[in-house]
Amino acid sequence: MLFADITAWNLRNVVIRLVTAMVLGGVIGIDRGAKRRGGGARTDAAVCIGAALVMMTGQYVELRFPGISDMARMPAQVISGVGFLGAGSILVSGHQVKGLTSAAGIWFCACIGLAVGIGFVDGAVLATVILLAGLHLLPHIEEKIYRHSRYVILYVEAEEGGTSAEFLHHLKMDGCKVDRFDVDKSGGMQSFTILTTIRLPKDLDRDEYIEELSRLRGVHSIDMM
C-alpha cells in the first residue's frame with residue numbers, strides 16, 4: 001500500500017488527508033461539471049473534505065478519550081445525512097427523473113472522504129479512478145445493449161373515452177408482453193397519460209411499431225424513454 005503510513009495521527013498526515021480529500025472530490029466534481037451536470041467541483045470537494053474531517057474527528061476522540069465513545073458513530077451519520085444534498089440534485093421533469101447520477105456522486109464523495117479521513121487513501125484513489133472510468137465507459141456500453149433490447153418504456157398521452165383499454169388490447173394482439181401499465185388521470189377528465197413497459201416480438205421493428213401506435217385513435221403523442 002502506497003499510503004499506509006498516513007494512518008498515524010500527526011500534523012503531516014492530517015494535512016495529507018484533507019488535501020487528498022479535496023483533490024479527489026474536486027476531480028469527481030470537475031468531471032460532472034464538464035458534462036454540465038449537478039454536483040460541481042465545489043460541492044463535491046466540500047462534501048469530501050467534510051466527511052474526511054468527521055472521520056478524523058472520530059479518530060481524534062478515540063485517541064483522546066479511549067473507550068468512552070464509538071469511533072464509527074460519527075461517520076455513520078455522514079452516510080445517512082448527506083442524502084439531503086443528493087435529494088436536492090434530483091429533478092422530476094414531466095415523466096423523466098434527472099440527477100440520480102449526480103446524487104449518487106455526492107454520496108460517493110462522502111464515502112471517499114471517510115476513507116481518506118481514516119487513512120485508507122489507496123482504496124479512495126482506486127475507487128475514484130474506477131468511478132470516473134465507469135462514468136465514461138458505461139454509457140457507451142448501455143447504448144449498445146439498449147439498442148438491441150426488445151424492452152421499451154413508453155409514455156403515452158391520450159384522450160379519455162376507452163383509449164387505455166384499446167391501447168392495451170392492441171399491444172396484446174400484436175404479441176407484446178406488457179410488464180407494466182400505469183394510467184394517470186390527474187391531468188383532467190378529458191385526457192390522461194399511460195406509462196407502460198413492453199417487450200416487443202422479434203418480428204416487429206421498434207421505431208416503425210411506435211410510429212404505428214402513435215396513429216391509434218385517441219393517442220396524442222408517444223415518447224420512448
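The crossing of helices H3 and H5 is right-handed, the near helix being turned clockwise from the far one by less than a right angle. In this predicted model, local features require pLDDT of at least 70 and side-chain atom pairs pLDDT 80 or more, whereas totals for chains, interfaces and linings use all residues. Residues are numbered from 1 along each chain, and side-chain values use heavy atoms, without hydrogens or water.

H3 spans residues 73-81 and H5 residues 100-118. The two pack at an angle of about 165°, with axes 9 Å apart. H3 is therefore roughly antiparallel to H5 (angle over 145 degrees). Pro-75, Val-78 and Ile-79 of H3 meet Trp-107, Ala-110, Cys-111 and Leu-114 of H5 (contact: heavy atoms within 4.5 Å). By class, this contact has 7 nonpolar residues, no polar and no charged ones.

Helix H7 covers residues 163-173. Its residues Thr-163, Phe-167, His-170 and Leu-171 are buried (under 20% relative accessible area, 1.4 Å probe, protein chains only). These four lie on the same side of H7, because they cover an arc of only 100° around the axis. The arc is taken from the directions between helix axis and C-beta atoms. An α-helix has 3.6 residues a turn, so residues three or four places apart point the same way. On the other side of H7, Lys-172 and Met-173 are exposed (over 50%).

The buried residues of H7 pack against strands E3 (151-159), E4 (177-184), E5 (191-199) and E6 (219-224), and against helix H8 (206-214). Just after H7, Gly-175 adopts a positive phi of about 85°. Helices (H or I, at least four residues) and strands (E, at least two) are DSSP runs, numbered from the N terminus.

Key. Axes are lines fitted to C-alpha atoms, for helices over the stretch in contact, and angles run from 0 to 180 degrees between N-to-C directions. Angles under 35 degrees count as roughly parallel, over 145 as roughly antiparallel, 65 to 115 as roughly perpendicular and the rest as oblique. Ala, Val, Leu, Ile, Met, Phe, Trp, Tyr, Cys and Pro count as nonpolar, Asp, Glu, Lys and Arg as charged, and the others, Gly among them, as polar.
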